[in-house]
Amino acid sequence: MVPVQVHRSHGIALQLPHASQAQLREYLSKPGRPMKALLNRKKVQQMDDDRFLYASRPYQLLSFQLQPEVIFQSSWNGDELTIVFEHCTIHGLGQLQNLVQFQCQAWIRPESERLMAKADLSLELSPGGAGALLPKPLIRRTGRLALDLVTDRLEKRCRTGLLKGAQDWVARHP
């Protein structure tokens, strides 16, 4: 059976009045800084210079309480910060865990007086095993709902933690 795939792209602009592109470039140049602002710093662990482990707080989706755990790489190339998920485990799915693959790649780019953030997300749901009993429209709708939850949380984290982290850093580094 062919897997069901659901994709989503989402972007936002974070306004930082009076912040220069050079200041924002410097802020993003050390991936640990924005990652700890973007994510719950108590739940993110830096594994080496550019790899991190993050265990999210649980999501409620239908009758499941899901808790993603992600290993991702975050690197600065001089123009943008790139975040690529290397491995994602979604705890709380039980036997369905092996049927779901989650991928995410994101970019944060500095501009004058703002940060531009974009994420491309996808879920692939294999209709094998117990999943073969579910209708594809239900699987697709559930996948879209899951991506809605993820993009809502990512946007909230960008608009609160990342924005505040960048504002505080810029204020300390005029």
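Contact is taken here to mean heavy atoms within 4.5 Å. In the predicted model described below, Asp50 meets that criterion with Phe72, Gln73 and Ser74, when neighbours within four places in sequence are left aside. Asp50 lies in the loop that runs between strand 2 (44-46) and strand 3 (51-55). Its relative accessible area is 24%, so Asp50 is classed as partly exposed. Asp50 and Ser74 are 24 residues apart in sequence, and their C-alpha atoms are 5.2 Å apart in space.

Two further positions were examined for separation in sequence and in space. Ser63 is placed in the loop between strand 4 and strand 5 (64-76). With a relative accessibility of 65%, Ser63 counts as exposed. Between Ser63 and Leu93 there are 30 residues of sequence separation and a C-alpha to C-alpha distance of 10.0 Å. Gln60 belongs to strand 4, which covers residues 59-61. Once residues up to four places away in sequence are excluded, Gln60 touches Gln65 and Leu149. Gln60 and Gln15 are 45 residues apart in sequence, and the distance from C-alpha to C-alpha is 31 Å.

Backbone geometry was considered next. Most residues other than glycine have a negative phi. His18, which is not a glycine, has a positive phi, near 75 degrees. This residue, His18, sits in the loop between strand 1 (4-15) and helix 1 (21-28). Because its relative accessible area is 72%, His18 is classed as exposed. A positive phi is also found at Glu113, again a residue other than glycine, with a value near 65 degrees. Glu113 is located in the loop that links strand 7 (100-111) and strand 8 (114-125). The relative accessibility of Glu113 is 36%, and Glu113 therefore counts as partly exposed.

The packing of helix 1 against helix 3 was then described. Helix 3 comprises residues 136-172, and its axis comes within 10 Å of that of helix 1, with a crossing angle of roughly 115 degrees. Helix 1 is therefore roughly perpendicular to helix 3, the class that takes in angles of 65 to 115 degrees. The crossing of helix 1 with helix 3 is right-handed. On the side of helix 1, the residues in contact are Gln23, Leu24, Glu26 and Tyr27, and on the side of helix 3 they are Leu162, Gly165, Ala166, Trp169 and Val170. Sorted by class, this contact consists of six nonpolar, two polar and one charged residues.

The cysteines were checked for disulfides. A disulfide is a covalent bond between the sulfur atoms of two cysteines. The structure holds zero disulfides. For Cys104, the closest cysteine sulfur is that of Cys88, at 9.2 Å, which is too far for a bond, because a disulfide requires the two sulfur atoms to be within 2.5 Å. Cys158 is likewise in no disulfide, and the nearest cysteine sulfur to Cys158, that of Cys104, is 10 Å away. Cys104 has a relative accessible area of 6% and is therefore buried. Cys158 is also buried, with a relative accessible area of 9%; the cut-off for this class is under 20%.

Conventions. Residues numbered from 1 in each chain as written. Predicted model: local features only at pLDDT ≥ 70, side-chain atom pairs only at ≥ 80, totals over all residues. Heavy atoms only, no water. Helix = DSSP H or I, 4+ residues; strand = E, 2+ residues; numbered from the N terminus. Buried < 20%, exposed > 50% of the residue type's maximum accessible area, 1.4 Å probe, protein only. Axes fitted to C-alpha atoms, helices over the stretch in contact; angles between N-to-C directions. Parallel < 35°, antiparallel > 145°, perpendicular 65-115°, else oblique. Left-handed = near helix turned anticlockwise from the far one by under 90°. Nonpolar A, V, L, I, M, F, W, Y, C, P; charged D, E, K, R; others polar.
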